[in-house]
Amino acid sequence: MQDLYPTRGATEVVTPRQDPVVWGPSEGLESYEKDGFLVVDQLLADDEVAFYRRELERMIADPAVRADERSIIEPQSQSVRSVFEVHKLSEVFAGLVRDERVVGTARRILGSDVYVHQSRINVKPGFGASGFYWHSDFETWHAEDGLPNMRTVSVSIALTENHDTNGGLMIMPGSHQDFLGCAGATPKDNYKKSLQMQDAGTPSDEALTKMADRHGIRLFTGRAGSATWFDCNCMHGSGDNITPYPRSNVFIVFNSVENAAVEPFAAPIRRPEFIGARDFTPVR
């Protein structure tokens with residue numbers, strides 16, 4: 001299969017986007033197509049937020065969940081930072097994935113049936129939860145999971161208020177139109193390190209400065225129950241959370257069934273299925 005987006009070579013390389021942004025009718029999705037993201041101020045009502053918050057808190061308090069390899073622990077505080085594959089660990093979150101407000105939007109953007117490439121809850125507890133450095137998700141999913149095309153969309157649904165101080169999501173609007181292939185080979189089992197701190201697949205300071213100068217940076221704030229949809233190739237990141245206030249969210253990645261993963265394009269082995277799914281069953 002032809003590699004449309006070379007990365008992890010000797011040098012950084014910029015490749016213009018080869019794929020549509022919106023694969024279905026673009027009516028109502030014009031801002032998503034232009035900027036690479038779409039904000040919904042209130043996807044979930046207050047009682048729904050409380051329902052999902054209770055399930056999140058139940059899961060991170062469960063010793064069996066904490067001990068599961070799908071849980072990522074903060075190195076300093078030893079608090080649970082993330083739990084992956086939550087739509088398989090929890091029927092509550094499986095129901096959220098099937099919610100038409102969620103999966104229906106993914107189908108509209110991707111123009112096909114979709115499956116879950118990745119799901120997780122992010123806790124980002126207060127008093128020192130580390131951020132995540134600038135990156136394009138597609139760079140990793142292409143290099144290490146084998147997604148051939150940019151036909152993947154993520155949604156972050158806030159279960160706590162996103163302040164401008166507690167390590168919120170930042171995106172460079174319009175950055176999804178160019179693919180930044182990063183320099184450096186992928187180590188074996190890179191995922192074990194990258195889930196806590198990105199290394200391989202990290203853009204250079206020079207490239208990030210050029211992109212920020214060109215596109216600017218948008219910081220996302222909003223009440224619990226809000227949602228941010230964003231394209232797989234958006235350059236994004238988040239800062240540390242040194243406030244007392246956690247920033248908890250549900251994160252779901254939908255991929256088109258017509259863009260099923262093949263072998264990794266720039267990694268020696270596949271990542272585990274709880275990070276990059278190989279079950280391409282459409283969400284129903």
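I began at His135, whose bridge partner in β12 is His236. Before going on, I noted that this is a predicted model, where local features need pLDDT of at least 70, side-chain atom pairs count only at pLDDT 80 or more, and totals for chains, interfaces and linings use all residues. Residues are numbered from 1 along each chain as its sequence is written, and side-chain values use heavy atoms, with hydrogens and water left out.

**Entry 1: around β12.** My labels are DSSP runs numbered from the N terminus, with helices being H or I of at least four residues and strands E of at least two. I count two strands as paired if DSSP finds at least two bridges between them. Strand β6 (residues 132-136) pairs with β12 in the antiparallel sense, over three bridges. Strand β8 (residues 169-171) also pairs with β12 over three bridges, again antiparallel. There I found Ile171 opposite His236 of β12. Which way do the residues of β12 (residues 235-238) point? Met235 and Gly237 go one way, His236 and Ser238 the other, and all are buried (buried is under 20% relative accessible area, exposed over 50%, partly exposed in between, with a 1.4 Å probe and protein chains only).

**Entry 2: the open sheet.** I traced seven strands in the order β2-β11-β7-β13-β5-β4-β3, with antiparallel pairing. At the edges I found β2 (37-40) and β3 (71-73), each pairing on one side only. From one strand to the next, the twist averages 15°. My angles run from 0 to 180 degrees between N-to-C directions, with axes as lines fitted to C-alpha atoms, for helices over the stretch in contact.

**Entry 3: helix α6.** Next came α6 (residues 100-110), which packs on the sheet and touches β5, β7 (152-158), β11 (227-231) and β13 (249-256); contact means heavy atoms within 4.5 Å. The direction of α6 makes about 40° with that of β13. Which residues of α6 are buried? I listed Val102, Val103, Gly104, Thr105, Ala106, Ile109 and Leu110. Their cover includes α1 (30-35) and α5 (91-98), along with β5, β7, β11 and β13. After α6 comes Gly111, with a positive phi near 65°.

Entry 4: Rolling a probe the size of a water molecule over the atoms shows where empty space is left. On a 1 Å grid over the protein atoms alone, a pocket is an open set of points with protein on both sides within 12 Å along at least five of seven lines, a 1.4 Å probe fits but cannot get out of a cavity, and lining residues have an atom within 4 Å of a point.

The largest pocket has a volume of about 270 Å³. I found 19 residues lining it, with His87, Lys88, Val116, Thr281 and Val283 nearest its centre. β5 gives the most to this lining, five residues.

The second largest pocket holds about 200 Å³ of space. Its lining has 13 residues, and Val14, Leu180, Ala207, Lys210 and Met211 lie nearest the centre. α9 supplies the largest share of that lining, six residues. Volumes here are the space filled by probe spheres set on the points, which are joined across faces, edges and corners.
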